[in-house]
Amino acid sequence: MTTKTEERVVDPLDAQEARSARLTGLEIIKRGLALSPAIKDGIGVTLLLAMLSTVGGTVVPIVIQVAIDAGLGEGGHTDRGEVHLWVGIALALIAVTAVCAYAMRVRLFVASERGLTQMRVQAFRHVHDLSMLTQNAERRGVLVSRVTSDIDQVSLFLQFTGIMIVVSVGQMIVATIVMAYYSWQLTIVVLVCFLPLAVSMKWFAERLSQAYDTVRRTVGEMLAVIAEPVVGASVVRSHAIEARTQRRVDHGIDANLQANVSAQRLVAVTFASAGVAGGLANAGVVIAGVALGVAGGLSMGTVIAFAFLVGLFVGPVQIATQVLTEAQNAIASWRRVIDLLDTPADVVDPGSSAPPLPDGVLGARFDHVTFAYPGGPDVLRDVDVEIAPRQRVAVVGETGSGKTTFAKLLTRLMDPVTGTVSLGGSDISTVSFDELRRHVLMVPQEGFLFDATLRENLLYGKADADDAALLAVVDGLGLSDWFATLPRGLDTRVGQRGESLSAGERQLVALLRSALADPDFLVLDEATSAVDPQTELRATRALERLLEGRTSVTIAHRLSTAENSDRVLVFDAGRLVEDGTHAELVDAGGVYARLHASWVAQSRLDH
Amino acid sequence: MSDSPSATTDNLSASTDQVMGRGFRLLGRGMSEQRFLFTISVVGSVVYGAMTVADAWVLGWATDHVIRPSFEKGEMVKGALAVSVLLFMTVAILRALGVIARRLIGGIVYYRLVADYRRRVTRRYLALPMSWHHKHPTGQLLSNANADVEAAWAVFMPLPMAIGVIAMLVAAVVAMLLADVVLTVVGLVVFPALFGINVFYQRWLSPKVSHAQSLRGDVSAVAHESFDGALVIKSLGREADETARFARHAEALRDANIAVGRIRSIFDPLLEALPNLAVLAVILIGIDRVASGAAAPGDVVQVAYLFTVVAFPVRAIGWVLGELPRSVVGWDRVRTVLDATGEMPYGSRELDGAGPARLRLEDVRFEYEAGTEVLSGVDLDLEPGRVVAVVGATGAGKSTLTSLLTRLVDPVSGRVLVDEVDVRDLTHGSLAEHVAVVPQSTFLFDDSVRENVTLGADVPDDGVWAALRAVQADGFVSALPRGLDTQLGERGTTLSGGQRQRLALARALVRRPRLLVMDDATSAVDPEVEQRILAALAEHTADEDGPSVLVVAYRKATIALADEVVFLDDGRIADRGTHAELIGRSADYRLLVDAYDQAREAGDLA
């Protein structure tokens, strides 16, 4: 559907994002886990395993201390029994650690993938339940990224960054405990050496996150200009603006290069400074350790064990800034998916318990219906009209007159702000979706096709139809001769968005699909773009057969359609201003008569 | 190097050695192109590797010369202590400088290679003729300039570190040999094992990662398609089936991700445990060596410490080898663009006429593929100041005809003449200055309204507004939040199809062309507005201050404004004359333009 220069209305997703902007990172994680409970399956055991898997790294420095103090340090008379015992213990602990780490990782991968797939599918379904998709084509790209890259970000976070944080923090805690057990004085020396880095970490993380924001922005801008020589290839050649285009592309590429280099500079500096802190800590340990040892408070093994323990700090600190940035991105992604899921569906299915519609061909009634998008002006104002069963109605009006809104309310793609829309005497907001769709069908302007075979595309109309039923419908709409021209019949692949077929043929498929669905009330949005006349003729005839015996409301872009209808409704600025047959309205001399006059002026040129 | 355009991961695994060979050649190319910076990053990385080993050596030295003597004597060995502190700090600072050189300069090498090849690829896009563009899907070309360029050079991110690691391993073995020959044996067992496991790990993992990546693409494609078709899905009540379809793809991706996860779960803990086991082995052997007096305690400490610091960097070699096949695939795709040949040669003549131009086609033939002629001997004469409509069924060759006029394609034989000059003899600039084509679909640049109309030409705002007024676009443009400065395109304001077409028309008019070619360029504009635009245009042309106009049309109203109609049928001019004449004498023409009316009559009969 073409988009109009709509008023700046409040998008429900934007509104939800504004509400959730106050939530902190932890609250987002909590809400995210609540929405995909499978992530938490056995999370206690997984975390326990994660804690156990930090032990392996810390046992090595202990063995070093034991070995040195058991005699290795004195260069002679070693107490081998004790060393062998500790090596044995360490061996066992390293093995246990490896097994725990394996089990922990597998559990984490399985649980997070299951939970996030759940969330992905939920979010996908929710997008279909939100009416904005049918209102706002620009949002589609954004919505796709919520069920794809945003979820991927969260998955990376849970499986890599998140676990890295847990293991690193665990390792640092265990290392600190072991250090404190050996010597609280040396522990303080080590911690003091890392203190400046720890304090500046927040600053680094903020700078890094800004730097990566710039990188992302420049990537977006670069992708847009790189598309120009490709998507706009013919425009660029026709207007001979190659040099200008190349300048724009180069500029986009250079801006991205600069942003990446700036970010890389920060990464390199933070990474390097952790190493310097490590060196400082080692020097500090040797000075303080020797001083304390000489005073008799410390063994030689302990001092050397400390050097090994310091190593356990350097790695986590080196990756900490990067991890913090990634965590921020992941939480932002998680927030976006949660916002989508938390946006309430504006049109709610009353469910199958609702009373069914009466059988037979139905009519419709608008009872003082007014519609406005949230925060926007009235798009449709106090429309009061009744459509009798089997009546053929054309809706006419300029762009923005409200005729499309009228059609959307009729098919319950949206609900009115005031007033009711009823079908066969029942308020359609009390009719279950299944029941409603059995009776009413909207055929959009462009016959949207899926990248599959013709058969699969037709089955969207009626999932359980067999080939005989499909061919019967082809015959029923008088399209057998066209069908015979298809190289592979029902197995013909239509290509992405149906691109292997012509625009006119896509419309034919859409009509066939609608005929299979067999509704008794059709709402049609007439195609505006011209297609090849022969196909157009075919489509018009097929449509004629499709409409036979059904109630129909057509958003007419051609006056010939209005002329052939039982009744014409003319909309202007959100109001139903004229209502009558073609002949009556031409005589009335109003809006319709004016539109008709310009049309007649055009067709007179034939003679 | 092969130039196969579709090197997939499947045929890659068939010839792994060949891929590695080509991968190493690719490394050579990148290294030589960024020779200077790459050398600095490698030097930095070698310094980093050497200092990592030196760090362990300093600890060993401090053990033997500071810690042990102090403990034995019961007093601090002050001189040696000062030296060891100095050594620790010097090593740490040198290592930090090495890290910065490696990470920063190495990063710059990668980013420069990527930026450089993006420039080269986009330059090819601008130079290659439209016939080449027609043969390549848009999505593929965009990915060649973006993802494929990145993939081709991605291996340069871990490369300096991997080279530094090789230096580090050599230094480590030397340091061990100097410390104790027997302890070196542990290193000679453990280092190759670490290396081998990493290589095996990456080889096992990377096809599984590629598989997951392609499934990720499927998930995205299904979401795109499904959201695009939302209206159809909703009105047919197919949400549940669509969700099931999406869930099938999402679950396939989930299983592939879990399969990747299982491999990672085995190797990551194994690679962490291995150096720890090595340390235990060093201690077990070390106590005997020290007891027998063959080694000093400091030697044991140093070798043990080496394993803890070397273990992680060794992974970089695995990363390089794991990345290499992906880089080769990316490079092959980039190469297909860089190696593509064909330029559109332009002439050197300039047109100097003023007022509406004359257009003549002489026996023009054109085919996209050999043997299927789209235009078969078209002769056409458009006198200056005339409006000529081209009418024909789909596939009759109308759009091709318009493409010839600005040389988006050239005829196979015959000539296209503007003011009696063959368009192939004109400079590109002169042709674009005199002839403007407005295509069926409008491309908007990610730029302001003003820039989208002027396309960089030096036109004052008055001129821009005049062009917008001529195409009835001044109303909606002035209603935009920032008028001419409003950003359009993907990240800016979105316009309707009719509004876009009107901007494209303004874009053509603002350049004051002498021949205006419209290829169904008003199809999305409201008929009433279209009438006003065309009437104003025809009036200007009739007054000799507008261009000659060639218009491809379906609507009768459009056709009616033309002085003459050319009826194109199956690549030939079947007839020409006024609309009334053609209606009178050509049954095919009548059938074509009356199709709507006929449909209406058929409806009345039904």
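Student: How far does helix H11 of chain A reach from its first C-alpha to its last?
Tutor: Keep in mind that this is a predicted model, where local features need pLDDT of at least 70, side-chain atom pairs count only at pLDDT 80 or more, and totals for chains, interfaces and linings use all residues. H11(A) runs over residues 242-294, and helices (H or I, at least four residues) and strands (E, at least two) are DSSP runs numbered from the N terminus. Its 53 residues would be expected to span 78 Å at 1.5 Å a residue, where the expected span is 1.5 Å times one less than the number of residues. The reach in the model is close to that, at 78 Å.

Student: Is Ala240(A) buried, partly exposed or exposed?
Tutor: Ala240(A) sits in the loop between helix H10 (233-238) and H11 of chain A. It has a positive phi of about 50° although it is not a glycine; most residues other than glycine have a negative phi. Buried means under 20% relative accessible area and exposed over 50%, with partly exposed in between (1.4 Å probe, protein chains only). Ala240(A) comes out at 26%, so it counts as partly exposed.

Student: How many of the 18 residues of H4(A) are buried?
Tutor: Helix H4 of chain A covers residues 55-72 and reaches 24 Å, close to the 26 Å expected. It is largely enclosed by the rest of the structure. The count of buried residues behind that is 16 of the 18.

Student: How far apart are the C-alpha centres of domain 1 and domain 2 of chain A?
Tutor: The domain assignment, which is automatic or from a database, gives chain A domain 1 (13-342) and domain 2 (364-606). Their C-alpha centres are separated by 54 Å.

Student: And what is that distance for domain 1 and domain 2 of chain B?
Tutor: Here domain 1 comes in two pieces, 22-128 + 136-338, and domain 2 is 385-605. Their C-alpha centres lie apart by 57 Å.

Student: Which residue in the turn between E1(A) and E2(A) has a positive phi?
Tutor: Strand E1 (364-372) and strand E2 (378-387) of chain A run antiparallel and are joined by six bridges; two strands pair if DSSP finds at least two bridges between them. In this pairing, Phe366(A) has Val385(A) as its bridge partner. The two strands form a hairpin with five residues between them, and the one with a phi of about 80° is Gly375(A).

Student: About how much space lies in the largest cavity?
Tutor: On a 1 Å grid over the protein atoms alone, a cavity is a set of points where a 1.4 Å probe fits but cannot get out, and lining residues have an atom within 4 Å of a point. Grid points are joined across faces, edges and corners, and volume is the space filled by probe spheres set on the points. The structure has five cavities of 30 Å³ or more. The largest cavity holds about 80 Å³.

Student: Which elements give two or more residues to the lining of the largest cavity?
Tutor: There are 14 lining residues, and one of those nearest the centre is Asp520(B). Asp520(B) lies in the loop between strand E7 (515-519) and H19 of chain B, and its relative accessible area of 11% makes it buried. The elements that give two or more residues to the lining are helix H19 (527-542) and strand E8 (548-552) of chain B.

How values were computed. Residues are numbered from 1 along each chain as its sequence is written. Chains are lettered from A and ligands numbered from 1 in the order in which they are written. Side-chain values use heavy atoms; hydrogens and water are left out. On a 1 Å grid over the protein atoms alone, a cavity is a set of points where a 1.4 Å probe fits but cannot get out, and a pocket is an open set with protein on both sides within 12 Å along at least five of seven lines; lining residues have an atom within 4 Å of a point.
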